[in-house]
Amino acid sequence: MNMQTSNVIAPPSPRTLAETGLSLVMLRDILIKTMFRMNLDLVSQIAQILCLPVQLTQELVDMARSQRLIEATGTLHATSGNEMGYQLTDAGKARALDALSQSEYYGAMPVPLDHYKQQVTRQSVRNIKLTRAQLTSAMGHLILPDELLDHLGPAVSSGRSILMYGPPGNGKSSISNGIRDALGDRIYVPRALEYSGQVITVYDPIVHRAAEAAVDDPTSLRRTSNRFDNRYVWCERPTVITGGELTLDMLDLTYNPVARTYQAPLQLKSTGGIFIVDDLGRQAEPPQKLVNRWIVPLEESRDILALQSGEKFTVPFDTLVIFSTNFHPNEIFDGAALRRIFFKIKIDGPNQENFLKIFAMVAKKRKMPLDESALLHLMKVKFPTIENRYANYMPVYLIDQMISVCEFEGLPYQMSPALIDRAWANMFVRDEVIAK
C-alpha cells in the first residue's frame, strides 16, 4: 500500500478531567472497576489501561481516595520509579461490584459521541483528494481500461456511494480493494464511545489496523505537547467487506445483555473509510430492502441507531459505500433506489488485447512458459464457443488448472492445446441430463 502522509488533525489529549467530556461518576466507576478486574496498583499502569494521561489518572485516584474508595498501600515500588501503590478499600470493592452489575465495561475511557462527531469532521473520507497517479498506483496489479479509471477517480474522490455492476469474475472485488489501498492515509478510531451513559465499543482489531499507539511516560506527570488523545487508536482508514452473509440486523447496535454494553454496527466501525457490500443480490434480504436501510445515511451523512430502551440517536455516517453486484441494476432496484446511489459504474470483461496481457502476466507470476500453439488454440477454438466473452478470472483459472495437471503427471510446467482443453472443461459445466 502507498501510505500517504496524513493531514488529519489529531484529537487533542484532555488536559483536565472536564475535557474528557465524561461525568466524574463515570470516570471514577471505570477507574475502580478496572483496578478491581485487573488487580492494578500503580498509577502508571492504570493510566495506560484507561488511556488517560498519568496526571489525570492521579487526580482520579486522589478523588477516589477522598471518597475512601481507594487507599495507599504505603509501599513504594523501586522498579517503577518509586511509585506509590494503591488498592481498593472494602467500600471501593463494594462500589466496584455495584458498578459492574450496571455495566461490565472497564478499561479505556470512552469518547463522548459529541466529541467524536467533531473528530469525524476533521478526518472525513470526503476530505480526501485522490489523484489519477494514486489510483493508478493502487490498481497497478490490475489491467484496466483507461476509461474505467476516468469514472472511478471522481467517484472515489467524492466520498459518495458507488454501484459497480457487470458479469461475474471481472475484478469488482479487486477494484474495491484497490480503492481502499488508494485512500492510503490514517485516521483516529475511538476505542469506545459514550452516549447517554451507555458505552459502545468501536475499535475492532478485525476491522481496524493500528498504526501506532501513544503511550504516556510512566515516570512523568507532565503531558508532552505532541500527544494525541490515547482513547483513540491511530489506524489506516478502515475497510469493512461483507457479502452474502449481510443482514439488516448487522447494521444495528449489538447489545450484550451479560456485559450490559453495546458493540458498534459495521457501518459505524467503517467511519472514515470504506464499506463494501460484495455480491449484492446474494443476501437473504432483498437488495431493495438493504438499500432502503441506507437511504437516510447516504443522503444526510448521518445514521440513526437505537438503544435497548428504544431511545434513538444519530451518529455520523462518513463512509464510502461500494455496492458490487453481478445483476443488472434494473433487475434488483427501482428508480428511487438507483437515484440514491451516486455513481453507477459498469465493470465489463476485458477485450482480447487486455485478456492476453493478463494471461501473460499471470503466466509469468506462476512461472508457466507461454506456448504459441496453446494460445492460438485458446483464442481460435475455445473462445468462439462462448462468443468470445473474456473475463478477468479466466487466466488465473486456466493456468492454475494446467499447473495442477503438470504437478500430478510429474511434468515441468507447460501449456499445450491438450492441456488447454482439460483446463477449459473444468471451467464450465455442460447442460446434460443426469441419469438417476
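The largest nonpolar core in this chain has 31 residues, and those with the most contacts inside it are Leu31, Met35, Leu50, Leu60, Ile70 and Met109. A nonpolar core here is a set of buried Ala, Val, Leu, Ile, Met, Phe, Trp, Tyr and Cys residues joined through side-chain atoms within 4.5 Å. Buried means under 20% relative accessible area, exposed means over 50%, and partly exposed is in between, with a 1.4 Å probe and protein chains only. Helix 1 (24-38), helix 2 (43-50), helix 3 (54-66) and strand 2 (83-88) each supply at least two residues of this core. Helices (H or I, at least four residues) and strands (E, at least two) are DSSP runs, numbered from the N terminus. There is also a second, separate core of 27 residues, which includes Ala363, Ala374, Met402 and Leu419.

Before going on, a word on the source: this is a predicted model, in which local features need pLDDT of at least 70 and side-chain atom pairs count only at pLDDT 80 or more, while totals for chains, interfaces and linings use all residues. Residues are numbered from 1 along each chain as its sequence is written, and side-chain values use heavy atoms, with hydrogens and water left out.

Now the chain as a whole. Its secondary structure comes to 16 helices and 17 strands. The radius of gyration is 28 Å, well over the 22 Å that the globule rule gives for 436 residues, so the chain is more spread out than a compact globule. That radius is taken over C-alpha atoms, and the rule is 2.2 Å times the number of residues to the power 0.38. The C-alpha trace spans about 85 × 55 × 50 Å along its principal axes. Of the 436 residues, 48% count as buried. Contact means heavy atoms within 4.5 Å. Among contacts in the chain with a separation of 6 or more, 75% are between residues 24 or more positions apart.

In helix 2, the residues Val43, Ser44, Ile46, Ala47 and Leu50 are buried. They cover an arc of only 160° around the axis, which puts them on the same side of helix 2. The arc is that of the directions from the helix axis to the C-beta atoms. What covers these buried residues includes helix 1, helix 3 and strand 2. Helix 2 is followed by Cys51, whose phi is positive, near 60°.

Helix 3 holds Thr57, which is buried at a relative accessible area of 0%. Leaving aside neighbours within four places in sequence, Thr57 is in contact with Val43, Ile46, Ala47, Leu50 and Leu52. Val54 also has its place in helix 3, and Val54 is buried with a relative accessible area of 4%.

Two loop residues come next. Asn39 sits in the loop between helix 1 and helix 2. Its phi is near 55°, a positive value in a residue other than glycine, and Asn39 is exposed, with a relative accessible area of 70%. Arg260 lies in the loop between strand 11 (254-256) and strand 12 (261-263). Phi of Arg260 is near 55°, again a positive value in a residue other than glycine, while its relative accessible area of 35% makes Arg260 partly exposed.

On to helix 6 (residues 132-138), where Leu135 lies. Is Leu135 buried or exposed? At 2% relative accessibility, Leu135 counts as buried. Apart from neighbours within four places in sequence, Leu135 is in contact with Leu130, Leu149, Leu152, Gly153 and Ala182.

The last stop is Ser161, in the loop between helix 7 (146-158) and strand 4 (162-165). Ser161 is buried, with a relative accessible area of 4%. Where does the side chain of Ser161 reach? It reaches the backbone nitrogen of Phe342 at 3.0 Å.

Notes. A polar contact is a pair of N or O atoms within 3.5 Å; within protein, one must be able to donate a hydrogen and the other to accept it, and residues adjacent in sequence count only if both atoms are side-chain atoms.
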